[in-house]
Amino acid sequence: MSLPSQARQLDLDLVRTVAIFGTVLIHATAVGGFNWAFGSAAWTANLFWSSLLRCAVPLFLMCSGALFLDPGRDLPLKTLWGKYMFRIAVALVFWATAYLVWGLCLQGDMNWPGLSWAIREFFKFRHRDHLYYLVLLLLVYAVLPLTRLFTAQAGKTLLAYGLTLWLLCGSVLPVLFTFWPFSLTEGTVREYSMRFTGMAVGLGVLGWLLHTQGKKLPAKCYALLYLGGFALTFFGTLALSLRRGELCWTLLQGNAPGVVLEAAGLFGLCLYGKPGARGRAVTTTLSKASFCIYLVHLFFLDLLMKAGYYTGALNPVWSAPAETVVLVACGFVTWLVLRKVPLVKRYLI
């Protein structure tokens, strides 16, 4: 199997490192951080941190696209389903079960009624929220043969057309349909709005395109993309929330225009990242651990909440970034331990 070069892998390691810190930061702010007095300094600070790296999951999806859409990489259906998708499915089953059992233990409900409830929740796919990413990956991987065919055969014009249509249906329309007069529309036209599952496939294509041709634009363009995306996400959400008198989630969704701009900007900036030898070592190691950190960090977040150390109890101005560092560190130590078990390393982290 042909693999990307070392330089290209470093680019993606940087993206994954940013993405895992972003994921944990989002979850740190989501648990109680918006329970502070609406519009207060603490509430606004929590929104700031929540918006800063809102594009975390899109960045992970863009990394997958950059790797798997590489035309030099052989990816037969047997390998796709028997290796990559099987691993994701096993991880989903294990961690969904682990979190359900963990929840029962925390609540003291380890009895037959509790277990019966957990079994029903499992088969209804009512898993811990962050595990939606694994469900999403299964679909993204399943359509890879078609996506790879499109990126390999489509010329510049068709690629531009496809991405424009994808952005319009997957990012712009879902937001527009929430505002007047577009909110008045009914019927089939509203189904033009693409769900995030479809959006995820396009994010992979965007990641591949930026990874292969992104350096045609200077780094300052990506910086402006990110700043514009952050401004739209943070200030837009702040304005809409103050107008409605409650937190408005419209511009915080993973497919919102500002979030997509953030993702494109940060991904492009990572193409120009040139860390020193120590920085490369740290980035590569965190990148390897990122999947495990993603999967396990909510265990530690639950423990911090139980102890009263979370953004709902401590001012988010400092507690959100501090909690993020602690959770990433706990997840990293867990990875150091779990990777020593061959089957766990291969299938679960």
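This is a predicted model: local features need pLDDT of at least 70, side-chain atom pairs count only at pLDDT 80 or more; totals for chains, interfaces and linings use all residues.
Helix α8 bends by about 35 degrees at L168.

**Helix α8**
- Spanning residues 156–176, α8 has 21 residues and reaches 28 Å from its first C-alpha to its last, which is close to the 30 Å expected at 1.5 Å a residue.
- Its buried residues are L159, L163, W166, C169, G170, S171, L173, P174 and V175, and the buried residues of α8 pack against α7 (144–153), α9 and α11 (257–271).

**Helix α9**
- The 18 residues of α9 (196–213) reach 25 Å from first C-alpha to last, close to the 26 Å expected at 1.5 Å a residue.
- Among the buried residues of α9 are F196, M199, L203, W208 and H211.

**The largest pocket**
- This pocket holds about 1200 Å³ of space, and of the 33 residues that line the largest pocket, R16, L67, R87, K288 and F291 are the closest to its centre.
- Two or more lining residues come from each of α1 (6–30), α3 (56–68), α4 (77–107), α6 (132–142), α12 (277–307) and α14 (342–347).
- By class, the lining of the largest pocket comprises 17 nonpolar, seven polar and nine charged residues.

**The second largest pocket**
- About 600 Å³ of space lies in the second largest pocket, whose lining is made of 24 residues, with I26, H27, R54, D129 and Y132 nearest its centre.
- The elements giving two or more residues to this lining are α1, α3 and α12, and α12 provides the largest share, five residues.
- The lining of the second largest pocket divides into 14 nonpolar, six polar and four charged residues.

Notes:
Residues are numbered from 1 along each chain as its sequence is written. Side-chain values use heavy atoms; hydrogens and water are left out. Helices (H or I, at least four residues) and strands (E, at least two) are DSSP runs, numbered from the N terminus. The expected span of a helix is 1.5 Å times one less than its number of residues. Buried means under 20% relative accessible area, exposed over 50%, partly exposed in between (1.4 Å probe, protein chains only). The bend at a residue is the angle between axes fitted to the seven residues ending there and the seven starting there. Contact means heavy atoms within 4.5 Å. On a 1 Å grid over the protein atoms alone, a cavity is a set of points where a 1.4 Å probe fits but cannot get out, and a pocket is an open set with protein on both sides within 12 Å along at least five of seven lines; lining residues have an atom within 4 Å of a point. Grid points are joined across faces, edges and corners, and a volume is the space filled by probe spheres set on the points. Ala, Val, Leu, Ile, Met, Phe, Trp, Tyr, Cys and Pro count as nonpolar, Asp, Glu, Lys and Arg as charged, and the others, Gly among them, as polar.
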